[in-house]
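Please open the model in your viewer and keep the selection panel at hand.

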Amino acid sequence: MSWKPISISVFSVLAGAALCELLLKGVIAEEAPGWNAGLPRQHKSKWLVQDGNRPQPTVVTPAKEPGGPPSDAVVLFDGKDLSGWTTAKGEPAAWTVENGYMEVAKGKGDIQTKQGFGDCQLHVEWAAPEVVVGESQGRGNSGVFLMSTYEIQVLDCYNNKTYADGSAGSVYGQYPPLVNACRKPGEWQAYDIVFHAPRFDADGKLLAPARFTVFHNGVLIQDNEEATGPTGHHVRPPYAAHAAKMPLKLQDHGNPVRFRNIWIREI
């Protein structure tokens, strides 16, 4: 019977025509040895889909305990000293360090890392004072400033009403958190922040804004939000070109907020 070879021949012709069309459109590679032959290219990449020759991801050892620093993290505070921190003037940081945490020393000013960072994954644990004093913005207030410029608010918001875009986990003055995930005063809380620094061209024009994704105690509270510019109180300042890497800053707002287990991964 002659139908079987005719069918194969027709299929081969059609498949060959389709392959030629894909090659002409640049959807698949012109040269793909072995089992890779005919695979489409990855989006914006020289590699093919499921390409066995593509370099393997770098091996990173995760922490043994949840919230601990993985093997490629820079530990900014390990509970022992503030050797990696200074004041804004470059003087030694003068906050209190004891029992594995640092505590804001009222009047000693903000502190910042000696090292600068841009795009990053940041882990910070903090605790508002167990003894409640004040209300609204006067209660357990501090802040985590990426690049010393873009603030994620630290505030005791457990049964404490304040303006929404100044509550715990807000991109201060811009975006309230999606939910209030605060624990009780005195209990340790965690921020896990994915931050993308803004981009500027050679003339200082903004190409891409800063972006924040934030988890508070494991709960998503900021979902890839674009900062409108530097954060501030009762202001909406525009972007101004700055360095690609700048220090991480913690705020002295006059309240004895505690911090521990601070680490960062550049991305």
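A residue is called buried when its relative accessible area is under 20%, exposed when that area is over 50%, and partly exposed in between (1.4 Å probe, protein chains only). By this criterion, buried residues make up 40% of the 267 residues in the protein chain. The model is predicted: local features need pLDDT of at least 70, side-chain atom pairs count only at pLDDT 80 or more, and totals for chains, interfaces and linings use all residues. Residues are numbered from 1 along each chain as its sequence is written, and side-chain values use heavy atoms, with hydrogens and water left out.

**Whole chain.** Display the chain as a cartoon. The protein chain contains one helix and 15 strands; these are DSSP runs numbered from the N terminus (helices H or I, at least four residues; strands E, at least two). Of the contacts (heavy atoms within 4.5 Å) with a separation of 6 or more, 60% are between residues 24 or more positions apart.

**Ala127.** Select Ala127, which lies in strand β6 (residues 120–127). Ala127 is buried, with a relative accessible area of 3%. Show its surroundings: apart from residues up to four places away in sequence, Ala127 touches Gly186, Glu187, Trp188, Val257 and Arg258.

**Thr231.** Is Thr231 buried or exposed? Thr231 is buried, at a relative accessible area of 11%.

**The cavity.** Finally, select Phe117, Gly118, Cys120, Leu146, Met147, Phe195, Met246, Pro247 and Leu248, which line the largest cavity. A cavity is a set of points on a 1 Å grid over the protein atoms alone where a 1.4 Å probe fits but cannot get out, and lining residues have an atom within 4 Å of a point. Its volume is about 30 Å³, taken as the space filled by probe spheres set on the points. Colour strand β14 (residues 246–250), which gives the most to this lining, with three residues.

Notes
1 Å grid on protein atoms, 1.4 Å probe; cavity = no way out; pocket = protein on both sides within 12 Å on 5 of 7 lines; lining within 4 Å.
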